[in-house]
Amino acid sequence: MRITMVGTGYVGLVSGACFADFGHQVTCVDKSTEKIAALQRGEIPIFEPDLDRLVETNARAGRLTFSTELAEPVSNSDAIFIAVGTPSRRGDGHADLNYVYAAAREIAGSLKGFTVVITKSTVPVGTGDEVERLIRETDASADVAVASNPEFLREGAAIRDFKHPDRIVAGTDDERARKVISEIYRPLYLNQAPVMFTSRRTAELIKYAANAFLATKITFINEIADLSEKVGANVQEVARGIGLDNRIGSKFLHAGPGFGGSCFPKDTRALIKTAQDFEAPIRIVEAVQAVNDNRKRAMARKVAAVFGGNLRGKTIGILGLTFKPNTDDMRESPSIPLITALQDLGATIKAYDPEGMKQARSELSDVTYCDGPYSCAEGADAIVIVTEWEQFRALDLPRLKREMACPVIVDLRNIYRPEEVAAHGFRYESVGRASQNATGV
Ligand SMILES: NC(=O)c1ccc[n+]([C@@H]2O[C@H](COP(=O)([O-])OP(=O)(O)OC[C@H]3O[C@@H](n4cnc5c(N)ncnc54)[C@H](O)[C@@H]3O)[C@@H](O)[C@H]2O)c1
């Protein structure tokens, strides 16, 4: 199959490279001339494990090319994926569909022969109808089917997720489009990934329902964590105790600083808005959003509580800035409101992240960036673990303690065993588990 991917970001680049790896002929198009120039030089503009190798292999084999020009690849494609951003619209939280509609108009001008235009971006119900209308408005005779194929990959494990999905959702009633989509994903259903064909609107809603459900699960365990702290229970054991029940499942039951990232916050906001517009409000998701929004500042207060509620004159070392490990993505990372709240409480901030510091510099001011966890701990009154990067899981605790002004660890990801940290003479705070104080202070 000949495929054009419009939008070469976290989703477009991974999907394009994986499709090429399946043997399809793929052109990844992006408006950003820097991004395309970097890719043409063989540089990967984002951090995603193993993506460099996948891109290089397929580019070298001639199956994957990059361009800022859309017309030529579109005119030669069997399928065109739209994988542009759908951020929150400023002011009201609806998904901003300007990039999607602009892409649809551009595509419409260059279609030749039967083509399937497939929205991979996360878009509200009804967006496919509008994409189709825009295409037909530009070219009334276009032989086109517009389908929805939401993407479920997770940053940090994107290639694995793309190649071993739990399911592929394809929304279209058009028989020819179903054939094209089946052919594109054939290597996967040989691997037994179920392809689920639905109506376009159903496919669009599946994506939002999935993300809102996962966000709800996270928020649920976060509130159970707060209760655990109050009643002297251990949230990790509660999570295991409920997660072993197959009806519940153990995933997404890790208490922490609240969800962030490029998808959950904007997608829950957009679902709330769509539901309100259709007079079918989803109150549970409205509650999730409100609880999650408050949580980041609550985590800052948790840090401050160690020092009697005031952080003036205190230096806090932040370990981890990205919203999850194995990505450089800082979009809506919990670290941003957390750090701002710590600064509001008077703290001086040092920070280290293995991949996120470049993006963090444009999001956060008055932060001293360090070159490793130990230099971040130097002179710090507390270390706050915000992202559970692998390299933070086995820190040399005696060395960390020697570097610090005051041996306090606030572990917002529960990556350590409380007794183990306390045994090294730390005060240790985590989420939904009892505090440990071995400092005698
Ligand atoms: N990031 C994820 O983990 C993830 C997972 C599943 C779904 N999604 C969804 O996929 C979509 C893309 O997300 P992303 O994280 O890859 O975004 P991104 O911001 O990383 O990439 C979007 C790219 O589209 C380009 N672009 C915008 N308009 C264009 C146009 N008209 N022509 C060509 N290029 C254009 C931008 O320059 C940018 O490089 C969003 O709707 C998102 O919700 C993201």
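For the helix pairs I take axes as lines fitted to C-alpha atoms over the stretch in contact, and angles between N-to-C directions run from 0 to 180 degrees. The model I am reading is predicted.

Entry 1, H6 and H10. I looked up helix H6, residues 127-138, against H10 and found a packing angle of about 130°, with the axes 8 Å apart. Angles of 65 to 115 degrees count as roughly perpendicular and those over 145 as roughly antiparallel; H6 and H10 are therefore oblique to each other. On the H6 side I listed Thr127, Gly128, Asp129 and Glu132, which meet Arg200, Arg201 and Glu204 in H10. Sorted by class, this contact of H6 with H10 has five charged and two polar residues, and no nonpolar ones.

Next I took H10 with helix H11, residues 235-243, where the angle is about 135° and the axes are 9 Å apart. H10 and H11 are therefore oblique to each other. I noted their crossing as right-handed. From H10, the residues Phe220, Ile221, Ile224, Ala225 and Ser228 meet Val235, Val238, Ala239 and Ile242 of H11. The class count for the contact of H10 with H11 is eight nonpolar, one polar and no charged residues.

I then checked H10, residues 200-231, against helix H12, residues 264-277, and read an angle of about 115° with the axes 9 Å apart. Here H10 passes H12 in a left-handed crossing. H10 contributes Leu205, Lys207, Tyr208, Asn211, Ala212, Leu214, Ala215 and Ile218 to the contact, and H12 contributes Phe264, Asp267, Thr268, Ala270 and Leu271. I recorded nine nonpolar, two polar and two charged residues in the contact of H10 with H12.

Which residues are the closest to the ligand? Of the 25 residues that surround the ligand, I wrote down Asp30, Lys35, Thr86, Glu155 and Lys266 as the closest. I also looked up backbone atoms next to ligand oxygen atoms. A polar backbone atom of tyrosine 10 is 3.0 Å from an oxygen atom of the ligand. For valine 11, a backbone N or O atom lies 2.8 Å from a ligand oxygen atom. For threonine 122, the distance from a polar backbone atom to an oxygen atom of the ligand is 2.9 Å.

I found arginine 413 in the loop between strand S13 (408-411) and helix H18 (418-423). A polar atom of the arginine 413 side chain lies 2.6 Å from the backbone oxygen of valine 386. The side chains of arginine 413 and glutamate 388 are joined by a polar contact of 3.3 Å. Setting aside neighbours within four places in sequence, I list Pro257, Phe323, Pro334, Ile385, Val386, Thr387 and Glu388 as in contact with arginine 413.

Conventions. Residues numbered from 1 in each chain as written. Predicted model: local features only at pLDDT ≥ 70, side-chain atom pairs only at ≥ 80, totals over all residues. Heavy atoms only, no water. Helix = DSSP H or I, 4+ residues; strand = E, 2+ residues; numbered from the N terminus. Left-handed = near helix turned anticlockwise from the far one by under 90°. Contact = heavy atoms within 4.5 Å. Nonpolar A, V, L, I, M, F, W, Y, C, P; charged D, E, K, R; others polar. Parallel < 35°, antiparallel > 145°, perpendicular 65-115°, else oblique. Near = heavy atom within 4 Å. Polar contact = N/O pair within 3.5 Å; in protein donor to acceptor, adjacent residues only side chain to side chain.
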